Amino acid sequence: MTTIVIPRVNYLNVKTTVASWLLTRDHKRIGVMYLVVVALAFFLGSVFAAGVRIELTTPEGDFVSADTYNRLFTMHAVFMVFFVLIPVVPAILGNFVMPLMIGAKDVAFPTLNLLSWYVFVTGFLFTIAALALGGVDTGWTFYTPYSSNVSESNVLLAGIGIFITGFSSILTGLNFMVTIHRMRAPGMTWFRLPLFVWALYATSLVMILGTPVVAITVGMVALERAFGFGIFDPRLGGDPVLFQHLFWFYSHPAVYIMILPPMGVISEVIACFSRKNVFGYSFVAFSSLAIAVFGFLVWAHHLFVAGISPYSAMVFSFLSFAVAIPSAVKTFNWTATLYKGAIWWRAPLMWVFGFLGLFLVGGLTGLFLASLGLDVHLHDTYFVVAHFHYIMVGGAIMGFFAGLHFWWPKMTGRMYSDGLATVAALLVFVGFNLTFFPQFILGYLGMPRRYHVYPEEFQVLNVLSSSGASVLAIGYSLVAIYLVYSLFRGERAGANPWLATGLEWKTESPPLPHNFPETPIVNEGAYEYSKREVKVA
Amino acid sequence: MPNGIVAGADPHGHGHHPALQHHFQTLDQQHEASTLGMWVFLVTEVMFFGGLLMAYLLYRVWYPEAWAEGSLDLDIRLGGFNTVVLIASSLTMALAVRAAQTGAQRATVRWLLATMVLGVTFLGVKVIEYAEKFELHHVPGANFVYEGPHGRQVEIFFSLYFGLTGLHALHMIIGVGLLSVITWMASRGRFSTEWYTPVEISGLYWHFVDIVWIFLFPLLYLVDRAHHFA
Amino acid sequence: MAGHISPKRLYYTIFTALMVLTAITVAVAFVNLGTLNFPIALGIAITKATLVILFFMHLKYSSRLTKLVCGSAFFFLLVLFGLTLSDYLSRGWHTAPGGVSTGAGTRVTIGSASAQPAPGATDAPAGAGR
């Protein structure tokens, strides 16, 4: 490693008062502020998950009551979905590195960016309030008429929280989209953009087009609850299934809000640690857009057993299978990028390997659920639970950790222990599989989700699952420990510890307050590793 | 500038315009970012109303009689009057933007004020309509009363009527608030032929709100009147 | 700044056109055209909206990107409407193995025998019981 120059003034030490953080318009600081809130939400969500897993170690309902159990899994999902998975990569890593990657001084609307954070926190506080008053028991999907007429839990508060948080997501998407269109440095053409930027662009598309629909839908439920309006009310002739249509019009594409940005991260990390250009760059770029657009055409596969028209279901089933194509394009291209690459075994790549394996399983089991006949058997069983955890946790969270480990030196200027990070990646991978693989079998055998008691023959698999969750918890805690430790004792990272291409590595670590000493001029593609005389040990 | 990338010096030579924010290279880039931002925001607004309109569409297909009954209960004169008012406000808004483009400061202020007056008129009429619905117990909820063969479905109609027009009125209120800030800025001489972006993007927003009403008027007030007056 | 400046006359012309269309749509509403009333009202509304978008909002003079953004809103709105209705409108097509049709658009109406109760059959106030 060459001599490391630590920038005298960087975005962290330029001002250190609390007000300078709370009023900052710097995209890097806002990214860090999201990290803090999301970490808190992740912790809360994990606590509820622990409650669920403890209850399910025995067939009897001996740890919590059925009602409490309903609240546990609902609050787990509400925090994890709306306050972790949706913002985790775009709002933290996207905010931090996207403007750097395109050579901009900031996002297009920095004040709006700060406002998004406050909106996010406001929504979070409403949801915390709902939790403090006893939580919500409807499941995170808020299906009517249970959420509108029946449930006696704090649906209204949580609904308001989610409604508000939705606007944070919309504003972030808007900001990113305009930034990518209007703020690129000279020479940064569309096909020189890093694939993470492409992924964020596709994500913004979904945030902009989908989130408003769920916001108004939750708003309608709130009107029913608060004022007795009747839009989904079957007593008046309203249709509860309409709620499901509107809800999944957003919430299925929302899955792509969660998975597309981590996919972008994977492209960055794989290129860097196999020292190669990403195989089929333009295919990977366009597959992101294809996933975003196709994602809007498949939502009713969540409604196959809700009484929808079988003809419509066939169309939705077919379209759901079609989404597998762009996803497979990505997976094959990543593998081809690794192939004959000069693999550099470092921790971020370990997380990527975890992602690849788990995303593959998650994606393929999705095909089971897209097929009409199988879905009748598997719907609302643990098979579904396992499937989406493989995508959401195995995919999105592993991808987030890959990105966090990749850009941590850039964000903090410090290196973490590569050995511990590798161990953590392995622990999470093993723990994850131990937790969720048995759930595939449980679901196949017919164990329904959202029940706190179950027949005795399912106990072995459930105990396996719960013990896996403990390993998972150890893995995640380890990450938190060595990352926090690195803040104080970590080695200085230098501008480019991974010898990576990309504009974010051309500025100091941590970056300067306005990113670059002068606006960079781009004259090559994003992953020109072959042109570089880079020898890595 | 298809991609909005401007390298080097500002072609117009006013790089230090007081309205230029530090992270933009030129006022043009800033202007293009702002207008694109507003257009994208309006896309989210279309989808926002879209959820309610989807519900409208389904129940209109299912319950045509209830829709006709509910619609006949609305005052077509007030609705029509408001339509004229709102389209006129779109005209004055367009003229305000034009005045700002040509640097006519006093005309900008005048047209903006006219737009606001029309906007407030619209809201005033809406208050009259809502008040009447309250008196007749046509507001959905525990106190809803409707004497008619399709009372239950009419309640859905009124739920959507209040949902749609209420959301629209909320947008009007926000619009009037936005315009008062812009008017104040215009009267202080903040805009010039070089920089009138806030007037323009407020105009985009205002026109969008007008468009929503252009759809709401026939969807809510003009359902199946023919059968009852033929 | 390179914004397009339209002549005032254009704005007045568009305004007049919008007024005329408003008058037409109100007038047509009172003429019984059967099933055509709704498409006509919708067509006029779409025409009016298009005029506002093109001329008042200057889309006609905007970049291709802006046109694409505007178009995408209506495209995805149609996706929402179209695919949702693909369910509701095709529900009646299906005949269950027992030979029973599921009926045109299965509706669930609790507390009343049919979705369209006979006049006077509704128990008012309908909101009672909440």
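This is a predicted model: local features need pLDDT of at least 70, side-chain atom pairs count only at pLDDT 80 or more; totals for chains, interfaces and linings use all residues.
How are α14(A) and α15(A) oriented relative to each other?

**View 1. Helices α14 and α15 of chain A.** The axes of helix α14 (residues 418–445) of chain A and helix α15 (residues 459–489) of chain A come within 7 Å and cross at roughly 155°. Because angles over 145 degrees count as roughly antiparallel, α14(A) and α15(A) are therefore roughly antiparallel to each other. The crossing in which α14(A) passes α15(A) is left-handed. The contact of these two helices is made up of 22 nonpolar and seven polar residues, with no charged residues.

**View 2. Helices α7 and α9 of chain A.** Helix α7 (residues 195–227) of chain A and helix α9 (residues 281–294) of chain A have axes that come within 9 Å and cross at roughly 15°, and α7(A) and α9(A) are therefore roughly parallel to each other. Here the crossing of α7(A) past α9(A) is right-handed. On the α7(A) side the residues A:L195, A:W198, A:A199, A:A202, A:L205 and A:V206 take part, and they meet A:V284, A:A285, A:S288, A:L289, A:I291 and A:A292 in α9(A). By class, this contact of α7(A) with α9(A) holds eleven nonpolar residues and one polar residue, and no charged ones.

**View 3. The side of chain B that touches chain C.** In this view, 54 residues of chain B are in contact with 46 residues of chain C. The elements of chain B that each give two or more residues to this side are α1 (27–62), α3 (76–101), α5 (151–187), α6 (197–221) and α7 (226–229), and the largest share, 14 residues, comes from α1(B). Sorted by class, the residues on the side of chain B that touches chain C are 32 nonpolar, twelve polar and ten charged.

View 4. The secondary structure of chain B consists of seven helices and zero strands, and its C-alpha atoms fill a box of roughly 70 × 35 × 35 Å along the principal axes. Chain B has an average pLDDT of 90, with 91% of the residues scoring at least 70. Over residues 1–15 of chain B, however, pLDDT stays under 50, and for this stretch the model has 22 contacts beyond four places in sequence.

**View 5. The two domains of chain C.** The domain assignment of chain C gives domain 1 (1–57) and domain 2 (62–89). Taken over C-alpha atoms, the centres of domain 1 of chain C and domain 2 of chain C are separated by 20 Å.

Methods:
Residues are numbered from 1 along each chain as its sequence is written. Chains are lettered from A and ligands numbered from 1 in the order in which they are written. Two residues are in contact if their C-beta atoms, placed from the backbone, lie within 7 Å. Helices (H or I, at least four residues) and strands (E, at least two) are DSSP runs, numbered from the N terminus. Ala, Val, Leu, Ile, Met, Phe, Trp, Tyr, Cys and Pro count as nonpolar, Asp, Glu, Lys and Arg as charged, and the others, Gly among them, as polar. Domain bounds come from an automatic or database domain assignment. pLDDT is the predictor's confidence in each residue, from 0 to 100. Axes are lines fitted to C-alpha atoms, for helices over the stretch in contact, and angles run from 0 to 180 degrees between N-to-C directions. Angles under 35 degrees count as roughly parallel, over 145 as roughly antiparallel, 65 to 115 as roughly perpendicular and the rest as oblique. A crossing is left-handed if the near helix is turned anticlockwise from the far one by less than a right angle, and right-handed if clockwise.
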